[in-house]
Amino acid sequence: MIKKIGVAILGLGVVGGGTYKLLTEHKEYYLKTQNVDITVEAVLVRNKEKALAFGVPKNVLCSNIAEVVANPNVDIVVETIGGCEAAKEYVLTALRDGKTVVTANKELICKYSHELERVAKRTGCGLYFEASCVGGVPIIRTLLDGVQANKVQEMMGIINGTTNYILSKMSQEGADYGETLKEAQRLGYAEADPTNDVEGFDALYKLSILSSLAFHTKVPYTKIFREGITKVTGIDIAYGKDLGYTLKLLAIGKNGEDGVEVRVHPTFIPETHPLASVSDSFNAVYLKGDAVGDVMLYGRGAGSFPTASAVVSDVLYASTHSEVRYSTFKNTANADGSVKFVSDFESAYYLRLSVDDEAGVLAKISGVFSKCNISLVEVSQVSKKKGQNEAEEMGRVPLVIVTHTTKESLIKNAVAKLNALKIGEVKALIRVER
Ligand code: HSE
């Protein structure tokens, strides 16, 4: 039997526009393949002229949420406005009114899914958010349906396309951060205010959602260690390359004996690691399950049609399933008190120092590491790279050190001690996953 479904789209930007096009262009295809006849019944926009020019019929245009929810033909509301204020109010209004919601909004789901889900459960509506994480890559459905037989032990992902584009270009062209960011902005890969992406907030919101689903426990974003890419230099990417490493902004989630460990930071990975070849604005997530072993998903994490693909797959899921599915964990504002979070995590580290070119300097440096109980894998006096500040480095030499796995607190302590020696300075500290 054919099921008739009415959809409302809130916002007609990159994602909303792509969703509108996909739903209208594939209407016959969904009817033929999935027995659902989906009609866009309402589109909420600020600028009606723009929407008309986009091809949206006048009779479906709305200018407020009350009009949308008052339409009895609307079964599913798609939220593609972004941000938290209006979006939260609109989603709550729709759920209270008995409409299932599909959203692409990672910040909203990360911060408020517990509130939204409470209302959805009360009214029996669905709340779906595949598009909130990693765009067109079906990571949420994979976690919910594909690997649910496993205890997911680890997840490592390149889940922000803007930073991956910037780091890939810096690596390919030997360019520095500032100039690469400008180029990324010019080409539309980075926003005019790039903070959300380059400081790692976007990846942090996504990691909070994904690790909550993967580990079946609420992982609030406040528990995630975060460091962005703004301090990364082309010099360190080049030294890392010499050591066989590629630099990525990684989102890492682990669920081990010591508890849940979640972090987002620039990370050197071996150039042979499957994630090292994920370049430009592409995204990928690498999972380890106790039964399946390694699984990797790769694709477009942003963009109009890739994100619309995720939105519409949720619309189709909601249209073809009578049972509503909620979180696989107790969805509360804070973490479950019984769950331990690892704050002093372990990692290997790359350090670049600029040190006096004198006898005894190396001995002093290795003395610090030895006192801090940190074992070293590599210590090399390296030749200067293009872009190093010649005046600042006068009489000094660059020294690159890679440590064995140690605790974050120990390395921070070692850095403070090294700087206190006054024989040079630690110029860069980058975590290494081997
Ligand atoms: N700004 C994000 C990115 C896309 O660069 O990956 C939307 O999540």
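Start by selecting Lys422, which sits in the loop between helix H15 (408-420) and strand E17 (424-432). Keep in mind as you look around that this is a predicted model. Lys422 isn't a glycine, yet its phi is positive, at about 60 degrees. Is Lys422 buried or exposed? Its relative accessibility is 67%, so Lys422 counts as exposed.

Next, jump to His216. You'll find His216 in the loop between helix H11 (201-215) and strand E8 (225-226). Here is another residue other than glycine with a positive phi, near 55 degrees this time. His216 has 40% relative accessibility, so it counts as partly exposed.

Now for some rings. The model has 9 aromatic pairs. Select Tyr165 and Tyr189 and show their side chains: the ring centres are 4.0 Å apart and the planes are at 15 degrees, which is under 30 degrees, so this pair is stacked. Where do the two partners sit? Tyr165 is in helix H8 (residues 161-173), while Tyr189 is in the loop between helix H9 (177-186) and helix H10 (195-198), so the pair ties together parts that are 24 residues apart in sequence.

Move on to Phe282 and Tyr298. Their ring centres are 5.0 Å apart and their planes are at 5 degrees, so these two are stacked as well. Phe282 belongs to strand E11 (residues 282-289) and Tyr298 to strand E12 (residues 293-300), so the pair links parts of the chain that are 16 residues apart. Tyr298 is partly exposed, with a relative accessible area of 46%.

Then select Tyr245, Phe268 and Tyr350 together to see one aromatic cluster.

Last stop: two helices. Colour helix H1 (residues 14-25) and helix H13 (residues 304-320), which pack at an angle of about 65 degrees with their axes 8 Å apart. The crossing of H1 and H13 is right-handed. To see what touches what, show side chains including Val14, Leu22 and Leu23 of H1, and Phe305, Ala308 and Val311 of H13. What kinds of residues make up this contact? Between H1 and H13 there are 8 nonpolar, 5 polar and 2 charged residues.

Definitions and conventions:
Residues are numbered from 1 along each chain as its sequence is written. This is a predicted model: local features need pLDDT of at least 70, side-chain atom pairs count only at pLDDT 80 or more; totals for chains, interfaces and linings use all residues. Side-chain values use heavy atoms; hydrogens and water are left out. Rings of Phe, Tyr and Trp (its six-membered ring) pair if their centres lie within 6.5 Å; planes under 30 degrees apart count as stacked, over 60 as edge-to-face and the rest as tilted. Helices (H or I, at least four residues) and strands (E, at least two) are DSSP runs, numbered from the N terminus. Buried means under 20% relative accessible area, exposed over 50%, partly exposed in between (1.4 Å probe, protein chains only). Axes are lines fitted to C-alpha atoms, for helices over the stretch in contact, and angles run from 0 to 180 degrees between N-to-C directions. A crossing is left-handed if the near helix is turned anticlockwise from the far one by less than a right angle, and right-handed if clockwise. Contact means heavy atoms within 4.5 Å. Ala, Val, Leu, Ile, Met, Phe, Trp, Tyr, Cys and Pro count as nonpolar, Asp, Glu, Lys and Arg as charged, and the others, Gly among them, as polar.
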